[in-house]
Amino acid sequence: MSDLILSLKDVHTDIAQYHILQGVDLQVPRGQVTMLLGRNGVGKTTTLKTIMGQWTAKSGEILYDGQDITRKPVFARARAGIGFVPEDMGIFSDLTVEENMALGSLSGKLEPKRKDWLLNAFPALGTFWKSEAGNLSGGQKQMLSIARTMAEDRALYLIDEPTKGLAPAIISTMAQALRELKAQGASVLLVEQNFSVAKALGDSAAVMDDGRVIWTGVMAELSENKGLQERLMGLSMEAH
Amino acid sequence: MTAAPDHRPTFANVSLTERLDEAMPLLLIPILVVLGFVAIGAPASWLTLTVSGLAMGMMIFIMASGLTLVFGLMDVINFGHGAFVSVGAFVGVSVLIALGDWTGAASLLLNMSAVLLAVIAAMAVTGIMGWGFERIIVKPVYGAHLKQILVTVGGLIVIEQLIHVIWGPDEIFINRPETLKGAVTFAGAAMEKYRLLAVGIGLVLFVAMRVVLRRTKIGLIVRAGVENGPMVEALGYRLRLVFVGVFIAGSALAGLGGVMWGLYQEVITAGMGERMMVLVFIVAIIGGLGSVEGAFIGALLVGLLQNYVAFLEPKLALVSNIALMTAILMWRPQGMMPVVKAK
């Protein structure tokens, strides 16, 4: 078994007339949390969507668990074990929290142990279990989006800015859930602007600029080197 | 897992006004029925018109339900939907004519068996046609509304001409089966037996669709897909297969609607489906695109209003449904129960 769960080689993606990803090379080690960092508009979300198949790579290669998935449809990538939490959360507003969670499990049934674990991590979901998800607050929707992806075991989680706009108490809930996910052996590729979360969770990091990965290394190295941060991202991460 | 910080939200009290606003689409039907009663005055006439309006509404709902789901799931505007109504009517009526001995006998069992076989044949043919239509005509134009309108209207014209080729250019008159002729009298009001049957079939279908959509996994996927298809795929579901299934089911339901409408009017033409599409689109739009419940309420409103207005002021009957659509869209621009909000 390779040490890499995911590998992107010279991936290019166009959106309409725009050439967004301009040769992304990225490795996600198995069982680690890899932070995908960079300024706004450098291609982080497009990278996640290209990995998930929501945008099709024009060229390049995406290897997941050793298999080439570059041309596979979205549903096949999900079935292979990739979970995706999009930036807009992708909540089904007209469905109840329970129904949203049921969709997270392809088998159709949420295992009782799994359900207990998730409701312990995100108790608000239990309170609103039978309510329409559209009535949840922003933080609760984010919890639901993450919990839904965790409804069954997945080998790789792609998570796009899960703490954006959330209160500190909810951020710590999220961080704890992701930490425990990692402890279970899952791999995570996380786009995150919150420096303290990135520093606390990240094992490794990749920094993007202009549609390319311009730096990869250990998260601790990046978080301790303000000069490096300013050179790569234009400002110190403490400023976020 | 470690417990989260103690944040235990509670349910807020919802005001009566908010609850009324939410329930208002459902309340519109009894409100219209009561207004009809007040305006018509004569209870017997009102009852006859109400049953007639409900029957008409049920048949329109059967035709509209597939269309609204197809639009909601894959953002496809299918003007060819009316072709399945016509084909269903011609296939069903052909079966009924072939089973003339059964339909002419004064036996409820034989009559209903003939109708059942006609319905099965119509739904099978239109279901298969729907599958072919989706593959050949709709699939190449996903995401392109203008092309969808052009090619589906083209498909509608081709299918109508094929009906002329197969069944001839003339309209076909059909007698209802013996036991479905005539009316029953209740409280002095004459209610056609066939219309009562149509109301029953419509109700059974609506309940069945609700059960499938609300209580099964496939229904859950369809409802989620109507709201956010890409996310459903990202969770591992092959939405395209679901869509094809819904398209086939919607076409088959249009075929069923065609048989029922043909027996209701007792005459069928190749252009009947095309003409019905005006009402079908009105129902899908005022109900809220993608919403089966909205289509159901919208269809009943259209059926009832048309019957009441035709009785009170026949010249206004033609514009009553357009007026209803205008009023509802001014009140709720996305329809009464929209599911597809972002498109």
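## Two crossing helices in chain B

In this predicted model, the axes of helix α1 (residues 16-40) and helix α2 (residues 43-74) of chain B come within 9 Å and cross at roughly 140 degrees. Here, helices (H or I, at least four residues) and strands (E, at least two) are DSSP runs, numbered from the N terminus. Axes are lines fitted to C-alpha atoms, for helices over the stretch in contact, and angles run from 0 to 180 degrees between N-to-C directions. The angle makes α1(B) oblique to α2(B); angles under 35 degrees count as roughly parallel, over 145 as roughly antiparallel, 65 to 115 as roughly perpendicular and the rest as oblique.

Who makes the contact? From α1(B) come B:V33, B:G36, B:F37 and B:I40, and from α2(B) come B:S45, B:W46, B:L49 and B:T50. Residues are in contact if their C-beta atoms, placed from the backbone, lie within 7 Å.

## Where the chains meet

Between the chains, 30 residues of chain A are in contact with 23 residues of chain B. On the chain A side, α7(A) gives the largest share, five residues.

## A sheet in chain A

Four strands of chain A form an open antiparallel sheet in the order β2-β1-β4-β5. Strands pair if DSSP finds at least two bridges between them. β2 (18-29) and β5 (67-68) each have a single partner strand, so one side of each is left without a neighbour in the sheet. Nine bridges join β1 (residues 4-15) to β2(A), and A:V11 stands opposite A:V24 in β2(A).

## Reading the names

Residues are numbered from 1 along each chain as its sequence is written, while chains are lettered from A and ligands numbered from 1 in the order written. In this predicted model, local features need pLDDT of at least 70, side-chain atom pairs count only at pLDDT 80 or more, and totals for chains, interfaces and linings use all residues.

Key: Contact = placed C-beta atoms within 7 Å.
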